Number of protein chains: 2
Amino acid sequence: KTHIDCISSSRIVRLPGLIDPHVHLRDPGATHKEDFATGTAAALAGGVTMMLVMPNTNPSIVDAETLTMAKGIARQKAYCDYALNVGASAGNAKLIAPLAKQVGALKMYLNETFTTLRLDNMTDWMTHFEHWPLTSPICVHAEGRSTAAAILLASLYDRPLHICHVARKDEIEIIKAAKLKGLAITCEVCPHHLFLTEEHAKAMGNAGQVRPNLVTKEDQNALWENLEFIDCFATDHAPHTLEEKNSEQSPPGFPGLETILPLMLTAVNLGRMTLNDLKQKMHDNAKRIFNLPTQSDTYIEVNMDEAWTIPEETTFSKAKWTPFAGMPVIGRLKRVVLRGKLAFVDGQVLIDPGFGEDVRTWKQKLT
Amino acid sequence: KTHIDCISSSRIVRLPGLIDPHVHLRDPGATHKEDFATGTAAALAGGVTMMLVMPNTNPSIVDAETLTMAKGIARQKAYCDYALNVGASAGNAKLIAPLAKQVGALKMYLNETFTTLRLDNMTDWMTHFEHWPLTSPICVHAEGRSTAAAILLASLYDRPLHICHVARKDEIEIIKAAKLKGLAITCEVCPHHLFLTEEHAKAMGNAGQVRPNLVTKEDQNALWENLEFIDCFATDHAPHTLEEKNSEQSPPGFPGLETILPLMLTAVNLGRMTLNDLKQKMHDNAKRIFNLPTQSDTYIEVNMDEAWTIPEETTFSKAKWTPFAGMPVIGRLKRVVLRGKLAFVDGQVLIDPGFGEDVRTWKQKLT
Ligand SMILES: [Zn+2]
Ligand SMILES: [Zn+2]
Ligand SMILES: [Zn+2]
Ligand SMILES: [Zn+2]
Ligand SMILES: [Zn+2]
Ligand SMILES: [Zn+2]
Ligand SMILES: [Zn+2]
Ligand SMILES: [Zn+2]
């Protein structure tokens, strides 16, 4: 799989197109932050060829009507492939269950964050755990003891649960214990929790707002030490403009699509994990967990040895900033081939918006 | 068991001495609120012949030294029998495990309340769940999603868990689901959550502070509807003076020992449960859950038909007030016989302080 470039002696590695299970595109409703075109172009620039898109837009994607509307937007603008998630509200459990085959997963917000979809009451959680089909995971924003509470429900209802953006030591310890006990739970971790800490948040001022918050060094170490229990790396790409981020009421969230791959390649280069770990956590596991179809003739090529520095501004995301600015990294995306087509090469997107497809429209049985 | 009084035609009923699994006596450290003598006298006045005493005193009971000290106080002053609980702190899990046979149970505070013992970090919970002997329950103050989180840990560590003062619909629904799944969890409910609501709290002003808060009518109805999943009634007797309660910084907690029995007898008289339910939830279940020894020749007699009104002031507790003041009740304690001795009759305590014994000093194998 590794090819030594004749001229530069750099190792060129081919990997499957990456899958990002956690992306916010702000479309519809806040397209000054991001839209389906800019967000999916940013994905290609990060080696991501398939993504799950979160439903906390405006309006939120919580029923057949809003899902159809969002699918229409996506079909027109997407550069990469995708599935849309639907959001759990207090009253929509029975309503959305029949939509399971058309979406990526069900997303439930159990803590305060950038959404109107928060479910405070555990009886509402229970209704969704009861009705959402077992063939499709429930994804939860569930921090701290909410992590444990959600895992209990997964256990009581014998159903798959995916825990988003695990950030703290006690969360990953509980997940580890639950996995060792044999519970059908999976989880993801974000680069900003692996590479930034509360010290960075302090230095960033208002712009450091993100949910879960940036964590202590001890929390971060616990994530690295428990990599074997982390199924996926996910960006939780959550773009806001720098002006919004620097305001008093800074909305929580960081962009992440254009930076996840070089950060993770750097971790490989530093010996913190293997390239195979990266492949599993950025492709294989998400594909299995979310029952995603194969993208035929789809791969990316990276230069494992290129050293560079994350720039101040993102190129494709409308966020136009990154919390990783100035960070030295080793490893860079060279090209993306998406379903046989050269989609991205050396910083340029070569396909048109609308090339990306809704993978839930592909002929494939939900097993 | 029922005896019709010849003169008044009232039904006189004999019940076992009641067990209250959740009492705060404020001794040592705040004996102006309550001490071991006044609190255990109040217990007799409530038909309670055995209690589990909570460790959030000053100092807290968190090691062998403080336990020995508290046992010395109790031995001198107690009117009724008791076992002392030990408290979980962030660092004492291994230290206290050997004390299990000497105490009632381990108490863990997982939410903010009137204690310095709160455990915020789930890794600290896990250490206690791992080390505390399986033969002794862990009792938790765990509201809302903390209830579910604690149940998950009980499941992961395969150990008994007792959930204190369940108050809300979603808590009892989760407990019901966990019990139906076969998990070894038990729970208690307090009279103030069964008989008062947030409307009462509002009317009481500062004095209405209690943890868990007084709840909505919907929450309260859920408790009554799920009585079959409630193992024990417990007072959570938490005395503070009326002056303290009416202050700006009102400490949370209500006295309850002198009022629990007439309130529950009233529920029986109103047909909300049977007298056998009362016996199970105020004696049998606590005895089994906490592996408490039999008090030989110990019983209470109540007049099922005496209608009266809860007075403004408590007689024995130093709290000298009750949130149930003015409430009409039907059923009244007539006498208490404790280990063969007439201990209480028609409002009078007839034994001396020090008659009460630490049941964990009795010869009895912890099974
Ligand atoms: Zn070459
Ligand atoms: Zn989230
Ligand atoms: Zn998110
Ligand atoms: Zn693939
Ligand atoms: Zn008679
Ligand atoms: Zn409590
Ligand atoms: Zn208490
Ligand atoms: Zn008994």
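Which residues coordinate the zinc ion (ligand 3)? In this predicted model, local features need pLDDT of at least 70 and side-chain atom pairs count only at pLDDT 80 or more, whereas totals for chains, interfaces and linings use all residues. Residues are numbered from 1 along each chain as its sequence is written, chains are lettered from A and ligands numbered from 1 in the order in which they are written, and side-chain values use heavy atoms, with hydrogens and water left out.

The zinc ion (ligand 3) is coordinated by NE2 of A:H22, NE2 of A:H24 and OD of A:D236, at 2.0 to 2.1 Å. Donors are N, O and S atoms within 2.8 Å of the metal (3.2 Å for Na, K and Ca); water is not among the atoms, so sites may look incomplete. The spacing of the donor residues in sequence is H-x1-H-x211-D. Distant parts of the chain are linked by the pair A:H22 and A:D236, which are 214 residues apart: A:H22 belongs to strand β3 (residues 18-23) of chain A, and A:D236 to the loop between β11 (232-233) and α10 (242-245) of chain A. Helices (H or I, at least four residues) and strands (E, at least two) are DSSP runs, numbered from the N terminus. Both A:H22 and A:D236 are buried, where buried means under 20% relative accessible area, exposed over 50%, and partly exposed in between (1.4 Å probe, protein chains only). The zinc ion (ligand 3) and the zinc ion (ligand 2) are separated by 3.5 Å.

In chain B, B:D236 is located in the loop between β11 (232-233) and α10 (242-245). B:D236 has a positive phi of about 50° although it is not a glycine, and with a relative accessible area of 6% it is buried. A positive phi, near 30°, also occurs at B:H165, a residue other than glycine. B:H165 lies in the loop between β9 (161-163) and α6 (169-180) of chain B and is buried, at a relative accessible area of 2%.

The same surface serves both copies, as 100% of the contact residues of chain A recur in chain B; contact means heavy atoms within 4.5 Å.

Between the chains, helix α6 (residues 169-180) of chain A packs against helix α4 (residues 122-131) of chain B at an angle of about 40°, with axes 8 Å apart. Axes are lines fitted to C-alpha atoms, for helices over the stretch in contact, and angles run from 0 to 180 degrees between N-to-C directions. The helices α6(A) and α4(B) are therefore oblique to each other (angles under 35 degrees count as roughly parallel, over 145 as roughly antiparallel, 65 to 115 as roughly perpendicular and the rest as oblique). A:K169, A:D170, A:E171, A:E173, A:I174 and A:A177 in α6(A) meet B:M122, B:T123 and B:M126 in α4(B).

A cis peptide bond, with omega about -10°, joins A:R211 and A:P212. A:P212 is in the loop between α8 (198-204) and α9 (217-225) of chain A. In chain B, the peptide bond from B:R211 to B:P212 is cis, with omega near -10°.
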